[in-house]
Amino acid sequence: MLKLYNTLTRKKEEFVPLDSKKVTMYSCGPTVYGYAHIGNMRTYIFMDLIRRVLRYDGYKIKGVMNITDVGHLMADSDDGEDKMEKAAKEQQKSPYEIAEHYTKAFFEDLERLNIGRPEIIAKATEHIPEMIDFVKELQNKGYGYETSDGIYYDIAKFPGYGKLSGAKLDEQKAGARVEVNPEKHNAADFAIWKKAEKGHIMQWPSPWGMGYPGWHIECSAMSIKYLGKKFDIHSGGVDHIPIHHENEIAQNEAYTGEKSVNYWLHGEFMLVDNGKMSKSLGNTYTISQLQEKGYDPMVFRFFCENAHYRKKLNFTFEGMDGAKKSYERLLSTLYMHKKSSAAAPAEVIEKYKTEFNNAINDDLNIPLALGVLFTMLKEPKSCDIYKTALEFDKVLGLRLDKARPAEETAAVDVPEDVMKIAQQRAEAKKNRDYALADALRAAAEEKGYRIIDKPDGYVVVAANE
């Protein structure tokens with residue numbers, strides 16, 4: 001029985017889909033004005049884990065993820081520059097060229113991290129007619145009103161506003177993150193359609209003149225188009241709770257007249273050195289940058305999976321180094337199971353399968369599931385253990401089928417005195433003192449370690465691996 005923490009109800013609930021065999025799910029995708037950073041990618045790993053657990057439990061999935069290529073303003077407010085336009089001006093390209101470049105880079109990162117694509121990828125610019133129709137319907141129902149610069153959603157007309165974040169309407173008014181527009185009914189009313197200024201690059205004809213959609217209306221229009229007026233799951237990062245997702249609920253439920261999403265799932269922030277990660281602070285990293293520093297993308301995925309999705313995760317390179325060693329040790333241990341011809345008792349395998357299943361179905365407790373995997377690998381070497389690990393990897397997505405010998409992973413923690421011997425041997429080889437090099441290799445083996453030469457140096461592994 002799968003249980004998920006529903007942000008809307010603030011508790012873990014048994015997951016009961018609208019259709020017993022198929023799950024409908026919408027996931028907030030990227031705004032493609034720059035490269036996604038590792039904090040963004042943690043959210044997409046979370047999205048992928050939801051989908052993998054659902055499939056492991058036997059469900060089919062109809063998933064949608066948006067690509068925001070218009071309408072997302074710099075401050076997530078109703079004023080200022082569109083993120084796409086700003087990037088286009090800075091890079092002297094068209095917004096469409098910017099979108100194409102960074103969308104391609106985004107999907108390359110998903111591939112590197114073994115994150116599956118949702119079944120439907122919906123670009124905002126390809127759904128302008130649906131958004132216009134949505135805005136017109138909100139107007140017709142009395143939720144939208146026109147001003148000189150756009151169409152705004154009147155949050156006072158929606159009594160449930162704030163139910164996702166827990167904020168009260170009065171607090172929303174007082175804490176509105178935009179300067180007071182005298183034409184607004186309330187300071188926290190938000191734009192669902194903006195009238196374009198003359199120099200605005202991205203604009204479309206509408207009943208209100210040339211303009212472009214508000215950021216929040218995009219997800220409402222596209223989710224309902226593909227998933228219907230009511231669907232099972234909406235996922236995203238916790239940063240979307242107070243504004244974007246709150247506004248989506250207001251739009252969807254005003255449009256449909258009923259609850260539109262049953263389960264709201266949110267992944268927590270990633271910190272850097274215990275501080276906030278943001279592009280404006282200049283402390284973000286991309287997957288490509290991690291690769292340049294010698295970290296396989298699977299190491300980053302493994303690093304993320306060692307923390308529960310609802311816990312903040314502190315990124316440090318020391319933490320990544322630890323994850324790298326642990327992941328490499330995982331692969332080398334799996335390789336020894338793979339090469340074994342021995343069978344494991346059926347009851348042992350079933351025990352671990354049950355424990356793994358219980359972990360993943362308890363609000364995606366992937367750290368506990370990894371613990372089950374590591375405990376299982378301590379069993380006597382068996383190809384059955386390896387096959388079971390590959391079953392588990394349908395959820396974990398760690399490419400465990402790439403299991404390889406220890407000498408190909410540099411996977412062990414080596415004592416300092418042994419590393420000194422290895423360094424002395426490398427120096428001896430450099431000086432062409434091969435007799436000393438052989439003696440040092442033997443000295444390392446006496447201590448239980450092997451030195452293996454590689455084209456770019458050497459690795460030290462345990463002698464029994």
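**Figure 1. Salt bridges across the chain.** The count comes to 19 salt bridges, a salt bridge being a side-chain nitrogen of Lys or Arg within 4 Å of a carboxyl oxygen of Asp or Glu. This is a predicted model, in which local features need pLDDT of at least 70, side-chain atom pairs count only at pLDDT 80 or more, and totals for chains, interfaces and linings use all residues. Residues are numbered from 1 along each chain as its sequence is written, and side-chain values use heavy atoms, leaving out hydrogens and water.

**Figure 2. Glu-253 meets Lys-163.** Here the two side chains form a salt bridge (2.8 Å, N to O). The pair links distant parts of the chain, 90 residues apart: Glu-253 sits in helix H7, and Lys-163 in the loop between strand S7 (150–153) and helix H5 (169–174). Helices (H or I, at least four residues) and strands (E, at least two) are DSSP runs, numbered from the N terminus. Glu-253 counts as buried at 13% relative accessibility, while Lys-163 counts as partly exposed at 33%. Buried means under 20% relative accessible area, exposed over 50%, and partly exposed in between (1.4 Å probe, protein chains only).

**Figure 3. His-245, in helix H7.** Helix H7 covers residues 241–256 and includes His-245. With a relative accessible area of 0%, His-245 is buried. Leaving aside residues up to four places away in sequence, His-245 touches Cys-28, Leu-164, His-234, Ser-235, Gly-236, His-240, Trp-264 and His-266; a contact means heavy atoms within 4.5 Å.

**Figure 4. Glu-305 and Arg-301 within helix H9.** A salt bridge (2.9 Å, N to O) joins these side chains. Because they are 4 residues apart in helix H9 (residues 297–305), Glu-305 and Arg-301 are separated by about one helical turn. Both Glu-305 and Arg-301 are buried.

**Figure 5. Asp-363 and Arg-310, from loop to loop.** The side chains of Asp-363 and Arg-310 meet in a salt bridge (2.9 Å, N to O). Asp-363 lies in the loop between helix H11 (346–360) and helix H12 (366–376), and Arg-310 in the loop between H9 and strand S14 (313–315), so the pair ties together parts that are 53 residues apart in sequence. Asp-363 counts as buried at 1% relative accessibility, whereas Arg-310 counts as partly exposed at 33%.
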